Amino acid sequence: MKSAKNGRDGRTRIIEGALRRFSQDGVSSTTLASLREESGVSVGSFYHHFASKEHVFGVLYSEIATMYQQAFVDELFRHDTAKDGIEAIVAMHMAWCGRHPERARILISERPPRREEPGGPEVAEARRAFFRRVSDWWRPHMKNGVLRPVEPTMCYVLWLGPATEMCRLWFSGAHQPTEDEIRMLGEAAWHSLKGTSGAS
């Protein structure tokens with residue numbers, strides 16, 4: 001019983017330590033030694049749970065992405081109209097980043113693990129499921145001409161690119177976004193994505 005508890009605690013400490021180190025220093029600048037020091041685990045304990053720094057990152061990134069995607073979908077499906085949904089997601093994005101700045105820094109700044117890397121298959125599968133859910137919401141509005149047809153990468157850039165850049169400024173201490181600015185970001189996203197039948 002004690003061994004199982006310590007095992008769970010060790011893994012948790014490693015993930016929590018990695019969250020702090022990766023968000024502050026970036027993955028490439030974080031060493032395995034600094035991860036162990038941050039988490040307070042022995043070499044043996046570390047390798048009991050993870051094979052490498054990249055393994056830790058893959059698991060952590062997958063957990064963060066899943067957390068964000070669930071919040072996104074939950075918010076999106078609260079809204080029946082396209083305009084409300086588009087603008088609400090921008091506000092949700094900013095609020096989520098404000099509540100989870102360490103996780104948001106990693107999600108915004110780090111490259112997701114590739115399919116052949118640790119965590120890559122899980123991230124890819126979660127992304128496919130996420131896109132399916134967003135498409136389920138988007139498709140009826142697109143058929144009605146309220147939202148324009150747009151492929152996923154361009155959709156992200158038009159929808160959340162400016163808000164993500166605002167978060168970068170926020171995290172760097174260069175600018176604190178106001179409620180009016182967040183509202184303007186939502187309006188800008190709507191104007192970028194509305195179709196020919198979208199309200200003005």
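The legends below describe several views of one predicted protein model.

Residues are numbered from 1 along each chain as its sequence is written, and side-chain values use heavy atoms, with hydrogens and water left out. Because the model is predicted, local features need pLDDT of at least 70 and side-chain atom pairs count only at pLDDT 80 or more, whereas totals for chains, interfaces and linings use all residues.

**Figure 1. The overall fold contains 9 helices and 0 strands.** Helices (H or I, at least four residues) and strands (E, at least two) are DSSP runs, numbered from the N terminus. From that terminus on, the order of elements is α-α-α-α-α-α-α-α-α. Along the principal axes, the C-alpha atoms fill a box of roughly 60 × 35 × 30 Å. Of the 200 residues, 41% are buried; this term means under 20% relative accessible area, while exposed means over 50% and partly exposed lies in between (1.4 Å probe, protein chains only).

**Figure 2. Phe22 and Phe57 form an edge-to-face aromatic pair.** Rings of Phe, Tyr and Trp (its six-membered ring) pair if their centres lie within 6.5 Å; planes under 30 degrees apart count as stacked, over 60 as edge-to-face and the rest as tilted. The whole structure holds 11 aromatic pairs. In the pair shown, the centres are 6.0 Å apart and the planes make an angle of 80°. Phe22 belongs to helix H1 (residues 2-25) and Phe57 to helix H4 (residues 53-76), so the pair ties together parts that are 35 residues apart in sequence. Both Phe22 and Phe57 are buried.

**Figure 3. Phe46 and Tyr47 form another edge-to-face pair.** Their centres are 5.4 Å apart, with 85° between the planes. Phe46 counts as buried because its relative accessibility is 0%. Tyr47, at 45% relative accessibility, counts as partly exposed.

**Figure 4. Seven aromatic residues make up one cluster, and two arginines lie over rings.** The cluster consists of Tyr68, Phe72, Trp96, Phe130, Phe131, Trp138 and Trp159. A charge sits over a ring if NZ of Lys or CZ of Arg is within 6 Å of the ring centre and within 35 degrees of the ring normal. Arg105 is placed over the face of Phe171, 5.0 Å from the ring centre. Arg133 is placed over the face of Phe77, 4.7 Å from the ring centre.

**Figure 5. The largest pocket has a lining of 31 residues.** A pocket is an open set of points on a 1 Å grid over the protein atoms alone, where a 1.4 Å probe fits, with protein on both sides within 12 Å along at least five of seven lines; lining residues have an atom within 4 Å of a point. The space in this pocket is about 850 Å³. Nearest its centre lie Arg127, Phe130, Phe131, Pro152 and Tyr156. Helix H7 (120-143) gives the most to the lining, with 9 residues. The lining divides into 23 nonpolar residues (Ala, Val, Leu, Ile, Met, Phe, Trp, Tyr, Cys and Pro), 4 charged (Asp, Glu, Lys and Arg) and 4 polar (the others, Gly among them).

Figure 6. A disulfide is a pair of cysteine sulfur atoms within 2.5 Å, and the whole structure contains 0 of them. Cys97 counts as buried at 1% relative accessibility, and Cys167 counts as buried at 0%.

Methods: Grid points are joined across faces, edges and corners, and a volume is the space filled by probe spheres set on the points.
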